[in-house]
Structures are given as structure tokens and as C-alpha cells.
Amino acid sequence: SSSKKVIYINEEDLANLPDETPVYVLSSSKDSGKSTAPLLPTPSVNSVSNGLSHNTPLIPFPLRAPILSSPYPAPPPVSQNFNFPPPCFHYPPPMAPPNAFIPPLLIPPSMHLLPPPNVMSPTSNPSDGQQEGNVIIILFTLFSFENDSCPYKEDYEQQHYSNISCTPAEEFFEKRGECTYGTDLMSDLENRFVQYVLKRREAALAVLPPVDRIRPPLKRPEIVERDGGTPIRLSKNCRKRPNSLKGSIPSMSEILLSNSQSEAFEDFEAKAEQQKMEVAHKEAHPYRLHPKIWHNEEGEYNSGPACACKTKYRIGPLHNQFEGETEIPRCNLESNNRDRLYHYRIMVTPTDNFFFTKATTIPHNGNDYTFDGYSIFLHTPIDDLPPCQLLRFNILYDLYHAEESFPENFTVRALDMLTEYVFKELLELLDLNWRPYGIESGCPVVHLLPRFVRELEDGSSTELLSTNVILEHWMNQSQLPLFQPSDLLNIRRIANSEWSAKINDLRGTLAWKPGAKPPAIRIDQLDRISSESSSTKHSLRSSPYPFLVHMTYTPMKLSLSRDPQYKSVLKNYLKLQYLMYNKPRISPEDRDQLATLKRKLDQMDFEGVHRREITVELSCEGFYRTGIRPDVTQFALNMASFVIHIRCILSLKSLEKRLGYEFKDKSILYQALTHPSYRRTDFGTNQDHYQNTLTSCGPRIIKYGDKLRLYKNSRKKGLTKMFSVMSMLPKQREERSDIYGNERLEFLGDAVIEIIASIHLFFMFPEMSEGSLDHFRQALVQNQHLSDLALRIGLHKYLLYTHSVDFCHDSTYIFARSDAFEAVMAAIALDGGLGAVDRIFGAVLFGDDPKIHQVWVKIPPHPLQAQHPKGDREWVSKVPTLKKLFELENQLGIHFKHIRVLARALTVRKTGYNIYTLGDNQRLEFLGDSLLKYVTTDYLFKHFPRHHEGHLSLLKNSLVNKYTQARVCSEIGLDQYVIRREDNMLKISNISEEASGTASSRQNVKNKADLLEAFIGALYVDKDITWVERFCQVCFWPRLVEFILTQEWNDPKSRLQQCCLTDRSLNEDPELAHYKLLSSSGPSNDRVYRVGVYFRNQLLAEGVGRSLQNAEKDAAAKALEIHQNVFKQLGFQREVIHKRYSEPYINKVLTKVQNYEPSFVEKFVEDKSQGEGGNSSSLESSSKRRRIGSAKDAAICHNGFDMEVEEDAV
């Protein structure tokens, strides 16, 4: 084929070109890339983007329509303010004679893309290329269109106006009392809009064969139930999800995996084949505009049915079911219903990609009214509505409402017609339904008004365009074809500059072809001659009409980035890069393999079989004007999400009614019900419909945000992310996290439910042993039980999650319900304190049985408190053992009202029953363990906002493990006041004297940890949870800084495994270090173990310990120390800390922690003595819990740890 050349040309040289020269505008003169290479490949024969010169036969219009009279009556009279001539023919046009050329609706599919053509020097003579007949002139520097070079308004902010007025429209509206009503003239305008606009598609399809006659309906196979009724499905990482619940026997999961692995892959292959059938079925639609432009069909994604959920799980907001919604009485259609509607203006921040330099405007009375978003009318006020956060284009948008004066000149019927025209007829959002589920009558939940405004001279007032003007303008525009048939001959003859001026107002607007799929597309360029006709001697595409050029994208699911082979090669390439970075020595084989993978990626990208960027060319015949630009599209698409947000928040009122609690901050409850998977599917409608419409009708040039900056706080996977997050010190003040979803709330809710259950069981069953209490607690907090409680209060009707294959599993949905229940309990604790959680949790558990509920609610006092309700301090002077505890109270600064409660906390097992303590400390240890976990979890949740639940778990484990507890126990001296029986008397001794021989060192750590937990339980029983919080603030929280700076949260065994995982090649299976027992010596009660750690069959180090676990930790620590030059991962871990904090600061802080300087400890102490509600987190019980009495017991809260620290530095 003949070669094509590209020449850059400016406006001055344009007039010298012959009129028949094909000119194709790709970008403006302000394009930064114009001096290097063209932005897009040269237009080809069959598609402007595919660069081929093959002669594929054209696909004509599937079936000819019979010769019928036009289904439309005469067009309406045109307003005097209308600038265009009246239309002279209507769609569909009459049939041409038998020998006449019929422009095709379908264009042959594009083939492979060729590389960009060679760029010709700007000084080249255009006439030489035109004489050769094989040069396509691509015009880069012809005009400077603002909507190409900088389409969006920089730093634009929506203005708040104090005065709002409507344009005068006395002929169309009249005031009757409080409301405004439409006149007969307005009613006639609405009727004409329905006839000429809204029924346009129906009339166009009436003269064509039905779709089902040309394309038979697709028969989908039914889902095959396996594994006891659960279909086998693969998750996104191609791993089969186990069908057993959390906490089931591991062997059962292994059995399920082994027995059904082959069936799972067969099911995966069947799903892939089914997807191909779905795509082929959609491609076979007879009225598609172009094979590369994707359209929407009701209830379907691009690759099949929109919903993969089981029938029994098709509930909740994602299935358009909002709890509490009922039929709304119909508004007066010919009135603005000011007496029953609430008006709000919808605003967005930031405004990037929403407002453009060339906005949609409507001329009226010599002024231009510019599109300024939407107003929303509701039947219920939404004063407490939290902002709607939407993630679009790597930018996090906030959509919020603002109150404004109620506009006057509109009717509800006009609003509904404008909404139907924009959302259904143009944007093809077929799955939108804003009425309550199952209700077809009555009013929709919302009414929308497109705002066209003109700012008045005073700057604080604005004039809103009346709806009659909008209706009339859009109706007149829809009657105008892109080009009048009478102008076709003149179009060929005018100069290029005149042609460009003629199409200037059309570029960037939406063109409408009723009945086609999709019905509307964005006009990116208009060409008089097809680009294909200049590269072929005889053009099959010759048409009297100009050609509409549209730049689009292949759907992501069908593009190269989703091609399985490309994804596999790309994953291996990135994986090998990371592994080579962590290897001590890079082999030549690794370098060759990396180069091979790179060549494969380049080759696949060059071939472009599934290339996303597509440019198509269509005949303008049958297309009509709309006068609408992508700013209306952008706002309309996101209004769908905002409406869903409103309906979700309003539905929460019914949940609050069920719980008997009204949230002060409803955004916490909304977050508790939001699954982490929901963010990317929060489109308010079918997500593929959103993407298709955005591609066809949205802005062509989009400003994208910084993806790395956006996701650095939300990403939670990977070793690099883990070490970066875990190097952050706690915030001094409580701070709300920006992490999306309910996972962090679920982490807190787990501790909240556990502490509630532990407290009630502890006091309700005073004689029950610790083991039995633990069994009862596990029964209350297990996932299956929490899932049942979620069903009891109807949480499944409010859950926000994604349509995914994973939610076909019963187990996945059970986990989602139980996690949501825990998150809701955490939300209540944050909003109203533990007292509110206690009341609601008890009502959910036993609310249907009043007798049992009373037992749960009325907590009895501790037996020691019941004997002496006013205290037992008089026993101190009578019992020598208790008298010695007075020294411990003075040492701690805590004086117990019931000192025998403290004595019981210090009484170890095997002491037996006695009249002083009435038992040992095992039950208090059970209570203290839950208290410590809850208080720790609450602190971590509030002061580590950037940590995900996994990171928080690592910090919590480092604080509540037995080694940290034993250390605290020794430092405050509890181990010196152990009460045990000796010679039939109670005596106080230290822990080391409790057992004889060297075996005591083996038990010391656990015994000290148990002693501390029992002391915390006694502190709660005698005081309240505020004292427990203060104790942890002083004794535990400062240690977090040491754990973070020294990375002690990461134990040696875990660090060694992380190093082993990164030290491998691409195709090498991950190998972990393993431990072998080398020898053991000593008696059974004092045995010493020697363990070796091996990696790749080589001994790394040996360790010794009193237990196998301690010996393995010792071996791992020695291996890391000996081989630190081999494991590069260790150096990376240390670099993370030293990059964030300077060495002098680290040493300074560690010295303060080790010396326990009071000024440093005070930074962790919060003053909670003044608040009784809110986040006080206390259980009300007059018999056993009280607040701190005076403010003098509280320490001063400082603003930060040290002014030298920059916590946000990365």
C-alpha cells in the first residue's frame, strides 16, 4: 500500500490548500506534543485509528425500512431567540431509490493498529503531497480550541449566591398562593416536548424490524449448585474460596479444596465461554452505531448479566431496595409544589472535570445562561446529610447539598421530562429507577432541575433560567440535523477556514440518533471527506454528508489490560523486577528473562489486538443536534450516585428506629454498613452503563489525579506498604481515618462485643470457672451467631457491597453480615459510648424474651462487694495480709474501696477458697484480658488513622502479649505481692518463690501476665473502665513508641520469613525457613531445647530455649544477625525508620521511654474526668462503677510527642 505522511500546518497555509484536500484536525496549536509526534495514528481505511489499507466490504444497514411517511408531525414554531433555521426533514429519512447509495449504520470492525506514521517536516510543500494522491494531511496547528488545550476550568469554584431569581415567564407560569402553576401555554409546550422529543426513539424503531426478530434472545444456562448448594466460584486472584465458616476445622476446608478443585476450574472455563457468548450477543445488536462503540442494554454489563448474586441475596441498596421507602403520593404535575418539596443545590469539590471553558449554554433575551449543575427536590428534608464521596479519575470528589431560595418557574412534569430526556434518551442509563422498589405509581424519590444561570452585575445575585426556555431550546435543537440537506452541495465548495468556523460550535457537543445504540455520542471532529477516500482509488464510503469523528475507548473488560495472556506476562515482569531488587546477586539468566518479558509486552502492545484507544468515523446522516456538552453528562452521571447516597442515608432512619438509637453522626453508621469492595462500584447504576456513557458522551480530555498519592494511604498489601505504615507514630489527638470501608470499624467492634459479653458473663455467673466463661463468650461472639443477630435487626437490607463472583458464596455473605454487625456496634460505641452498645446488644440478644432480658440487664454486684456495699477498708487493720497491700496501693497511687477485690486479684491458683478473697484470680484474669484488649483496640483505632485493621492487629499483639504484660507487672511491683497459701495461712511473696527449682523461670512470664490481667479486672470491678484506660495510658501506650522505632512489633520469626520470601527468582516457588529440633536435655519439668533454622537445606543458625517456641525465636534472631548482609530486606526495613526520623531523635525518644520520664508519659494521658457521655465508654452500674471524682487526678494533655517529629513525612 502507499505510504501515508503527516504534515503540520497552520492557519495561514490553510487557504492555499485545494478544497478537495482531506484535512483531519487532531489537536489544537497549544498541544505540547505537536512538535514531536502526532497524538493519534493516521486515519485508516476502515477506522480512523487502525491504520490499515485493506478493502473489507462494507456491512450495510441490516434491513431496509419500508417507505413510510414521517412518523413525526410538523415541527414546533421556533422562538425568535433561536439562532438556527427550522428543520427541513425528520428522522428517519424517506427511503432512497433502489439504485441510490444507502449510508451504512454499521462499519466494519477495525483490525490491528500500525505504528504512527513518519512526521513530515513543517516546511514541506502540501501541494506535492496532494499531487501524489497518497498523503493524508493531518492538521495539528490549525485552530486553538480552548476545549482541547485546556478543556476544564482551572481552580474554578462554585459560587454561593445570596439572591436567586428566575427569568420572567408570565405567559407560562402564574402564582396561586404559595405555589406556582403552569399555564395552558406551558402545558402545550410540555405536550409538544413529549411528542417531538421523548417519543422520538419509539417512532424511529416503529418503522424498523424488531430487535428480537434479527437477533434471537440469548438463552443463559442455570447456575449449577455444588458443595451442598453453594456454586463453585473463583475469586479475582483465581483461588477458590473455602465454603466453610471462620473457625471451622481446617481439614474440612482442605477436603473441600481437594475434592472440588477440578470442578472449580471447569466452572471457571465455562464462565469464560459464557462471557464470550454474552459479548457476541451484544455485538450482534442490529442497530449499533459502530462495532467499536459500546452501548447499554437493560440489566446487563458489557459481558453479561449485571447481577451475579444469588436470588436470596438480591436485596439491599445495590438491588434498588431501600428499607423504609414507601409509595410517595404524586405531586401536582403542573405545579412547582413548593408546599411539599425541599430544594437543595448540589455542589462538588474539587470541580476538575465538571466545569469546562466551553460549557453548555442556552441563549435567551440576548444573554447566555451557563450550565451550573443540578438542583434537587426531595419530599423529605436532608439537613444532616453527610457529603457523598466519589472516586473518579483518581480524584476524590465531595458532593454536598446547600440550601438556596426555592425557584419559582418550573413544574414537576417539566423536571421529570428533562430528566428522562437526558438520563434515558441521550445517556442511555436504562437501569435507573428512582421509585421505591416494586412501586410503579406515585412520585420518584427525587426531582432534578438542570441549572442554567447568569450572574448579575452585583456579583452576589444570579438569575436562573426558567424551565420553559430549557424545554423549548432543547426541543428546537433536537429537530435540527447536524447538516441540512440543502447545504450539502455548498459544504463541498466553501473554503477550509469557513468550514472550520461553521463546525466550531458543533465540536464537543452531543449528536443524537434516535433508535441507534448508543443514541448519542460526542462530536470530536467533523470532516467533509472521509479519510478513507484519500487512500483508495474508488471510495466505498462516498457520501454527500460530512463525517462525524468520535474518539472512544474499548471497555476495560475487553481491552489489552484485561487480556489473560497480557496480564500474566505483565505480572511476571513486575514480579521479577521486585525479586531482582531483593536478591543479593543478579544472575545473567534473570536479566535475560526480564528482557524476554519486556519484549513480549512491547510486541503485544504494538500489535494492539485489544487496544483501548479507538477512533471511529460515521456519516452525519440521521444525526441531530442537542446543544448539550459533556459538562451536563458529567454532572448527570454523578447525580445518579448522589441520589443513591441520599436514599441510603434516608433509609438509615428505619434502622435507627429498630435499634432505638439516633446517631449524632450518621456518616459513622453509613461507613459501618459499607463493604470495602463498594467504592469502585458506587456509580448509582449499572457500572458498565456508567463507563459506556462516560466514554461516548463524557469529556474527551480528562484531568486525572495522582494515583500514587491517592492510594498510598488506602493500600494495605505488600511488605513495603506494611513497613511504611508501621513506622508512623501515634497521633496525639484523636483523628478520624480516611480509609474507606468498615474493616477498621469491624476491628474495633470485635473488641466492643467481646468486652460487653465478658462483663455480663463475669457478673451473671459468679461461681463459673474461667474456662466455662470463655466457652460462653466464644458462643456469643462467633461469626455465625453475629450473622444471625445481623439478620434479626435487618442489617442485610442496608449492606453496601459489590456485585461480584465472591458474593455467590453463602460463607462470604455470612462474613459480610457478621462484620457489618461488629462495625455497627463499634459505630454506636464511638457515637454514644459503651452504655448504648450494652443496651442495644442486650435488646438484640434477648429482646424477644423479657424474663431473660431482665436477667441480662440487671447485673449483680461482685460477691465481695455484695458483702460490704460501702467498702471493706476496715479489714486492712484486722488482717495482716491485707495490711501489706496498703503499701502496694501507696506505691501505685490507687486506693481500692474494696481492698479484698485487690487481694483476690493477687491470689494465685491452687490457693483455694478462703474467707478473705472467696477464691483465686482466674475469673478476674478472664475479665482483665478482655478489658486490656478493648482499651488497647480503642486507643489504636483513634490514634492510628492511617493503619488498616491488619496493621492495628500487629500493634495490638505487641502490647497485649504476655511478654509486655510481664514487663509491666514487674515494673509496677505486682509480682512482689502474690498471695498464696503457706502452712494453712495466706502469705504474701513474690512469683519466683511460688515454685521450686529452675523451672520457675519458665513460668514466670505467664504468671506475671496473668497477675497483671487480674489486677486490671479488679481495677474495673472496684472503679470503672476510665481507671483502666488511665492505667494503660501510663503503663502501656508509651511503649508503643519503642515498639515502632525498634520494629519490635515484628518478631524475629516473621522477619526471617519475610526475608526468605523476597530472596527468590521469578519462576521459583516461594520457600520458607523451617525449624528442626536438634536436641533436648534436662528433666521434663526443666527441659532445654536446641533448634536449628534451615533455608534451602542450609543451616542458618541454632537457638536455645526453655520451650520450642523460644528456641525457634532465638534461632531466627541469630540467623538475621549472622546473615544480615545476605537478606537485603533487612536493610530496607531499617531504611524506612531512618528515612522518617533522624538518628538523634530516635535515640532521644528511646532514652525517654526507657527512663520513663514523666513529661513524656504525660503526652499519652487524656483528661476524661469532665465528660460523662459521648465517647466516655463506661457501663452504668451504681453498685460497682463510678467515675473519677475530681479533675486533680487527671494529667495534662499535650499537643504532640515532640516538636521535632514530622508524623506526616514519608
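**Helices that cross, rings that pair**

Reader: Which residues of α19 meet residues of α22?

Author: From α19, Leu745, Glu746, Leu748, Gly749, Asp750, Val752 and Ile753 meet Asp819, Phe821, Glu822, Ala823, Met825, Ala826, Ala827, Ala829 and Leu830 in α22. Contact here means heavy atoms within 4.5 Å, and helices are DSSP runs (H or I, at least four residues), just as strands are runs of E of at least two, numbered from the N terminus. A heads-up: this is a predicted model, where local features need pLDDT of at least 70 and side-chain atom pairs count only at pLDDT 80 or more, while totals for chains, interfaces and linings use all residues. Residues are numbered from 1 along each chain as its sequence is written, and side-chain values use heavy atoms, leaving out hydrogens and water.

Reader: What makes α19 roughly perpendicular to α22?

Author: The axes of α19 (residues 743–764) and α22 (residues 810–832) come within 7 Å and cross at roughly 80°. Roughly perpendicular covers 65 to 115 degrees (under 35 is roughly parallel, over 145 roughly antiparallel, the rest oblique), so α19 is roughly perpendicular to α22.

Reader: How many aromatic pairs does the structure hold?

Author: It holds 35. Rings of Phe, Tyr and Trp (its six-membered ring) pair if their centres lie within 6.5 Å; planes under 30 degrees apart are stacked, over 60 edge-to-face, and the rest tilted.

Reader: Why is the pair of phenylalanine 354 and tyrosine 397 called edge-to-face?

Author: Their ring centres are 5.1 Å apart and their planes stand at 70°, so that pair is edge-to-face. Phenylalanine 354 sits in the loop between β10 (342–349) and β11 (361–364), and tyrosine 397 in strand β14 (residues 395–403), so the pair ties together parts 43 residues apart in sequence. Both phenylalanine 354 and tyrosine 397 are buried; that means under 20% relative accessible area, with exposed over 50% and partly exposed in between (1.4 Å probe, protein chains only).

Reader: How do you know that phenylalanine 1031 counts as buried?

Author: Its relative accessibility is 7%, so phenylalanine 1031 counts as buried. Phenylalanine 1036, at 0%, is buried as well.

Reader: What makes serine 651 buried?

Author: Its relative accessible area is 5%, so serine 651 counts as buried. Serine 651 lies in helix α14 (residues 630–659). Not counting residues up to four places away in sequence, serine 651 touches Phe322, Glu323 and Tyr798.

Conventions:
Axes fitted to C-alpha atoms, helices over the stretch in contact; angles between N-to-C directions.
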